[in-house]
Amino acid sequence: MTEEQPKKVESESPSNPPPAEPPKEDVAEEKSVIPQPSPPDDSKALALVEKTQEAAEEKPLEGSVNRDTVLARVATEKRLALIKAWEESEKSKADNKAHKKLSAISAWENSKKAATEAELRKIEEQLEKKKAEYAEKLKNKIATIHREAEEKRAFIEAKKGEDFLKAEETAAKYRATGTAPKKLLGCF
């Protein structure tokens, strides 16, 4: 945009020359009133500054007074441009700083979440292990109870078999001797 504006300024300068004052009779006065052309460096400096429509329409009345106002305007615009650049720079710094801190907070949050989830998995594994151990103990206890019950059943069956055998032997003895048992069913 700045490259286009200098071209406009340069093109406007030759096409819109300052209006010539009415011819005066005194040549000495004419020479003192005619403004001296500005050096080429000043014209380049003026060409780089953005011109508003008002500045383009203004016609130089007096050379040194107009030059001072233009230079003052250029200095003001330069100062405003520097302030704007500084402001943008500070905003960019603040944005980058905030982004960096937000990233650090996100990283901290993710690491804490990962640590907590790892701890949770560890506790779950410990609980599963304890649950398996208790289940194994209970199964073993159930197996022991079942084995003891089988032993007791076997003992009862063996005793029953012995009692049957004893009863048959006693009955055979009573039959052989012809005597009756002394206890009869315990109720009589």
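How many helices and how many strands are there in the chain?

Modeller: The chain has 5 helices and 0 strands. Both kinds of element are DSSP runs, numbered from the N terminus: helices are H or I with at least four residues, strands are E with at least two. Read from the N terminus, the order is α-α-α-α-α.

Some ground rules. This is a predicted model, in which local features need pLDDT of at least 70 and side-chain atom pairs count only at pLDDT 80 or more, while totals for chains, interfaces and linings use all residues. Residues are numbered from 1 along each chain as its sequence is written, and side-chain values use heavy atoms, with hydrogens and water left out.

Confidence next. pLDDT is the predictor's confidence in each residue, from 0 to 100. Its mean over the chain is 77, and 64% of the residues reach 70 or more. Over residues 1-33 pLDDT stays under 50. The model gives that stretch 14 contacts (heavy atoms within 4.5 Å) beyond four places in sequence. Residues 42-49 also stay under 50, with 10 such contacts.

Now the salt bridges. A salt bridge here is a side-chain nitrogen of Lys or Arg within 4 Å of a carboxyl oxygen of Asp or Glu. Side chains of opposite charge can pair when their charged atoms come close. The whole structure holds 4 salt bridges. Here are some of them, taken along the sequence.

Glu 87 pairs with Lys 91, at 3.3 Å from N to O. They sit 4 residues apart in helix α5 (residues 63-177), so about one helical turn separates them. Glu 87 is partly exposed at 34% relative accessibility. That label covers the range between buried (under 20% relative accessible area) and exposed (over 50%), using a 1.4 Å probe and protein chains only. Lys 91 is partly exposed too, at 47%.

Glu 90 and Lys 93 form another bridge, with 3.6 Å from N to O. Both belong to helix α5, 3 residues apart, about one turn of the helix. Glu 90 counts as partly exposed, at 32%.

Further along, Glu 150 meets Arg 153 at 2.9 Å, N to O. These two are 3 residues apart in helix α5, which means a separation of about one helical turn. Glu 150 has a relative accessible area of 38% and is partly exposed. Arg 153 is partly exposed as well, at 48%.

Last, the chain's surface. Buried residues make up 4% of its 188 residues.
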